[in-house]
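These are my notebook entries on one chain. I set down what I looked up, entry by entry.

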Amino acid sequence: RDAAIAFGLGRSLFGVMDRNVVLHALEHIQERLKHGDARPVIHFVTTVAGGRLIRVQMAPVLAITAVDGATATGASTRGDARISGYVLTLEDIQYSVETASRHNRLLQSLTEGTRASLANIRAAIETILAFPEIQPARRKAFEQVIHDEAQALSQHLAAAIVDYADCVRAEWPLA
């Protein structure tokens, strides 16, 4: 929020954004103009004062210099473009990045928890099938493993569903 207050006409970006990132974007725009790019718009992500992540779209404002008597409004197709300023569109993506990170952690947790339980269930079933004459006490132990792991898997999945619902609910825009 403090960073948003510092932006404005006549204020330097360098007080809010990393100078090197902005200068690098400017170099890319100039290079693209040299190579005849008609829309030299640059996109980059950086942090602002306070550490918030923002996505920036930077576009040059071009002043067309007339050649061979053409108008300075850009009617000339042979005019030389020079940069007279820049327009920046800023989007705070901190929340989006945090949400994506939460989704990734949730998926990783679900995958790891599921993999372990399924491996134990599979091992117990394969043992029962491989040894049909297994002693009743040992068979009962393997059946208990299957039961316990299936319960753990169900609980893990239920917790993941609740966490996912919280993630999705947090993303819904309010009207």
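I began with Glu31, which counts as partly exposed at 38% relative accessibility (buried means under 20% relative accessible area, exposed over 50%, partly exposed in between, with a 1.4 Å probe and protein chains only). I found that the side chains of Lys34 and Glu31 meet in a salt bridge of 4.0 Å, N to O (a side-chain nitrogen of Lys or Arg within 4 Å of a carboxyl oxygen of Asp or Glu). The two residues are 3 apart in helix H2 (residues 19-34), so about one helical turn separates them.

I noted that the model is predicted: local features need pLDDT of at least 70, side-chain atom pairs count only at pLDDT 80 or more, and totals for chains, interfaces and linings use all residues. Residues are numbered from 1 along each chain as its sequence is written, and side-chain values use heavy atoms, with hydrogens and water left out.

Entry 3, the chain. I recorded 4 helices and 3 strands (DSSP runs numbered from the N terminus, helices being H or I with at least four residues and strands E with at least two). From the N terminus their order is α-α-β-β-β-α-α. Buried residues make up 20% of the 175 residues.

How many salt bridges does a search of the whole structure find? The search gives 6. One of them joins the side chains of Arg32 and Asp37 at 2.7 Å, N to O. Arg32 is partly exposed at 30%, and Asp37 is partly exposed at 26%. The side chains of Glu126 and Arg122 also meet in a salt bridge, at 2.8 Å, N to O. Both lie in helix H3 (residues 94-130), 4 residues apart, about one turn of the helix. Glu126 is partly exposed at 41%, whereas Arg122 is exposed at 57%.

I turned to Glu149 in helix H4 (residues 136-171). Glu149 is buried yet has no salt bridge; Arg115, the nearest side chain of opposite charge, is 13 Å away (Lys and Arg count as positive, Asp and Glu as negative; His and the chain ends are not counted). I did find a contact of 3.1 Å between the side chains of Glu149 and Ser117, and this contact is polar (a pair of N or O atoms within 3.5 Å; within protein, one must be able to donate a hydrogen and the other to accept it, and residues adjacent in sequence count only if both atoms are side-chain atoms).
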